[in-house]
Amino acid sequence: MSHPIVRTALFVPASRPERIPKALASGADAVIVDLEDAVEHLAKDSAREALCDFLGTHPQARLWVRINDASTPWHEDDLKALRGKAGVTAILLPKAESLAQARHVAQAGLPVIPIIETARGVLNAAEVAGTPGVARLAYGGLDYALDLGLAPDTPGAEIVLDHARIQVLLQTRAAGLPPALDGVFPGVQDTAGLARAASRAQQMGFGGMLCIHPAQVPVIHGVFAPAAAELDWARRVLAAHRDGGPGAFMLDGRMVDAPVIARARQVLAQAGESV
């Protein structure tokens with residue numbers, strides 16, 4: 001089953017609706033209007049109203065929305081406001097920790113993208129991923145580090161963070177979901193650091209990343225795009241296979257069999273080429 005390719009999902013605060021058109025024009029594969037961390041507590045209601053007003057005046061817009069988590073007093077109001085909104089194509093559930101939470105959000109009738117970013121969320125990632133209505137998983141490393149009291153930017157913290165990433169990737173695959181999204185890279189001006197983080201996420205098997213600034217979009221897209229040499233290799237593998245290559249054959253001195261052919265198809269699919 002094919003799924004939409006999402007390499008970048010760009011956050012924009014719901015309290016700044018004038019920024020939404022710029023985000024939509026950034027080239028990001030998805031735009032997330034944020035009702036959670038980017039909005040002060042006293043502005044939650046007005047931000048939600050601003051989002052609804054934007055959707056009413058821009059019927060062509062297609063947006064993801066990050067609501068407030070299930071423990072907050074704004075959670076139910078967020079869900080109520082989004083029901084029936086044609087412009088909302090997915091709901092991001094932050095601090096997702098249980099099947100019950102994901103199922104409740106799915107009752108809004110929209111695809112759910114749980115963000116795994118707490119200890120409970122990691123421990124219960126299998127049941128969250130398997131909840132009907134869940135479209136894919138996302139990982140939130142910053143909140144996860146805070147939840148576990150990790151020392152920022154240390155080798156020890158990276159080990160723990162990668163353990164959680166691996167759980168998100170494993171449960172994504174076990175549930176048959178499209179590739180998960182890695183968390184945000186906070187250094188907006190650190191292009192080299194972003195490229196390294198994106199490369200690492202891509203190598204681990206993430207499909208893309210959450211991002212916080214339009215300038216991050218082309219950097220992440222560049223990293224997640226297959227290299228020209230890799231595309232050429234994939235095309236030649238599939239051409240040889242279509243031309244009647246046996247179950248296993250040699251190409252460039254290397255054996256090609258079913259897993260290699262499947263990898264070639266993945267490479268072309270990542271580039272948006274039909275396979």
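Author: Start with strand pairing. This is a predicted model. Five bridges join strand β1 to strand β2 (residues 30-34), and the two run parallel. At one of these bridges, Pro13 is partnered by Asp34 in β2.

Reader: Which way does β1 run relative to strand β8?

Author: Parallel, with three bridges joining β1 to β8 (residues 208-211). Thr8 stands opposite Met209 in β8.

Reader: Are the residues of β1 buried or exposed?

Author: Strand β1 covers residues 8-13, and six of its six residues are buried. Check both faces. Thr8, Leu10 and Val12 point one way; Ala9, Phe11 and Pro13 point the other way. Residues on both faces are buried.

Reader: Now a helix. How do I read burial around its axis?

Author: An α-helix has 3.6 residues a turn, so residues three or four places apart point the same way. Take α12, residues 258-270. Its buried residues are Ile261, Ala264, Val267 and Leu268. They lie on the same side of α12 because they cover an arc of only 115° around the axis. Ala258 and Pro259, on the other side, are exposed.

Reader: What span does α12 reach, and what is expected?

Author: From first C-alpha to last, its 13 residues reach 19 Å. That is close to the 18 Å expected at 1.5 Å a residue. Just after α12, Gly272 takes a positive phi of about 80°.

Reader: How many disulfides are there?

Author: Sulfur atoms of two cysteines must lie within 2.5 Å. By this rule, the count is zero. Look at burial too: Cys211 is buried, at 0% relative accessible area, while Cys52 is partly exposed, at 21%.

Terms used:
Residues numbered from 1 in each chain as written. Predicted model: local features only at pLDDT ≥ 70, side-chain atom pairs only at ≥ 80, totals over all residues. Heavy atoms only, no water. Buried < 20%, exposed > 50% of the residue type's maximum accessible area, 1.4 Å probe, protein only. Helix = DSSP H or I, 4+ residues; strand = E, 2+ residues; numbered from the N terminus. Pairing = 2+ DSSP bridges. Expected span 1.5 Å × (residues − 1). Arc of directions from axis to C-beta.
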